Structure formats: C-alpha cells, structure tokens
Amino acid sequence: MNNEVIQCIVSRSATKYYDKSAKLSDEEISELVRIATSAPTSFHLQNWRFIAVRTPEAKAKLFPLAWKQPAVADAAVTFIICGQLVDTSVIPQRLAPLVAAGVMPADMVQEWEKPARELYMAYPQRRRDEAVRTATFGASAMIYAARSLGLGSTPMIGFDADAVHREFGLADDEVPALLLAVGVERQGNWAQKPRRPVAEVLDLV
C-alpha cells in the first residue's frame, strides 16, 4: 500500500508560511475547483459553492473576519467553501446529465428523489449536516489536489461565519463551512505531524 497518491495524502501538512509573491491564475483556481467537485455528494446533489478570495481588496475584507490569520493575506487564494442546505427539488436537474449520457435510466430519477426527500426535507439539522459534509468532501479533494501539484494549503474554521455570510453575499441556504487557503509554500513549514496509533482509533468487529 504505497504509491504516489498515498504518499501525497500521508505527507500533507497544514501550511503556515506562504510565498506572498506567488500567484495562481484564474485558470489554475478553476481547475482546483473542478477537481474538488469530483468529490462525492449525497444523491448527486452537488450542493456546494466555492468563493475564491484572491484580489488584495477581497483579502483585506476577509482578513479581519478570519481572525487575522496570516494565511488569508499571504496565500495566493483563500476559498470560502460553502455547503448548501439540501433541497431535493433540484435532483431531477442534477441527474439530467447522467440520463442524457446513458449512465442512469430516466425512470430511476424519481427513485432517487423520493427517498432523498423523505430523508432530508422534514429535518432541518440533517439538511445542514449534509451541507457541511458536502463542503468538507470538496475541501478534502482540493487539499490533496493542491498537494499533488506542489502547493500548500491551510484549512481554517476560525472565522466569523455570520460576517462572512453577510460581507460576501452568501444566499440564505448557504453555510460557510470552512476557509481553505492555497498557495506556494516557502521554507519553514512543518512536515506531517505524527498521528495517534491506529490501534487507538480502529475497532475491528
């Protein structure tokens, strides 16, 4: 169990120090988001949105809302990764490309929509939990994609969520689950920190 993908995962660590002069193009940022959206979502809802904070003006607005964490100012881009509260009425639209591509039979769409509606729509906490899960899956994919491209990343939950929601124009159904800074590392960052032994966290039943 040793290959390039696994090495990318197990060698990752949160970046503290970034090369402030290094930039990412809009095309590179878009590619990171494209990769992030390959992550799994419940019932193929794809209930996420990514706000790429990359201009000096946008960084200056986010910086105090993110407790003045240096990564927001120093990294090439900081993503506000938003999960959207589950709305099962979008399922036919989200599944339409699968039907058009011949991946899914058309009569299966309703078979997905009905159980999804029963699972989520009467349960506000489940709808929100799924929004956070979705955003986190997308962030994780982006973290490892960045690592594979030689970039560092810093996930952050230290921010004023209400202020970010207001100042960056999030919709009522959007939850800013986390911030994720991505950029070129400079010297001084720590290697992967030791983890708890597997025996302490694994139960085989």
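On helix H3 (residues 56–65), the face turned away from the buried side carries the exposed residues Pro56, Glu57 and Ala60. Exposed means over 50% relative accessible area, buried under 20%, and partly exposed in between (1.4 Å probe, protein chains only). This is a predicted model, in which local features need pLDDT of at least 70 and side-chain atom pairs count only at pLDDT 80 or more, while totals for chains, interfaces and linings use all residues. Residues are numbered from 1 along each chain as its sequence is written, and side-chain values use heavy atoms, leaving out hydrogens and water.

**Helix H3**

- Helices (H or I, at least four residues) and strands (E, at least two) are DSSP runs, numbered from the N terminus.
- Ala58, Lys59, Leu62 and Leu65 are buried in H3.
- These residues cover an arc of only 125 degrees around the axis, which puts them on the same side of H3; the arc is that of the directions from the helix axis to the C-beta atoms.
- The buried residues of H3 pack against several elements, among them strand E1 (48–53), helix H4 (70–74) and strand E2 (77–84).
- Trp67, which follows H3, has a positive phi, near 60 degrees.

**Lys59**

- A polar atom of the Lys59 side chain lies 2.6 Å from the backbone oxygen of Ala75.
- Lys59 touches residues including Val53, Val72 and Ala76, not counting residues up to four places away in sequence; contact means heavy atoms within 4.5 Å.

**Salt bridges**

- The whole structure has nine salt bridges.
- One of them joins the side chains of Glu174 and Arg49 (2.7 Å, N to O).
- Glu174 lies in strand E4 and Arg49 in strand E1, so this pair ties together parts that are 125 residues apart in sequence.
- Glu174 is buried, at 5% relative accessible area, whereas Arg49 is partly exposed, at 31%.
- Lys114 and Glu118 also meet in a salt bridge (2.6 Å, N to O); both lie in helix H6 (residues 108–120), four residues apart.

**Strand E3**

- Strand E3 (residues 152–156) has four of its five residues buried, so it is largely enclosed by the rest of the structure.
- E3 pairs with strand E4 (residues 174–183) in the antiparallel sense over five bridges; two strands pair if DSSP finds at least two bridges between them.
- Thr154 has Ala181 in E4 as its bridge partner.

Methods. Polar contact = N/O pair within 3.5 Å; in protein donor to acceptor, adjacent residues only side chain to side chain. Salt bridge = Lys/Arg side-chain N within 4 Å of Asp/Glu carboxyl O.
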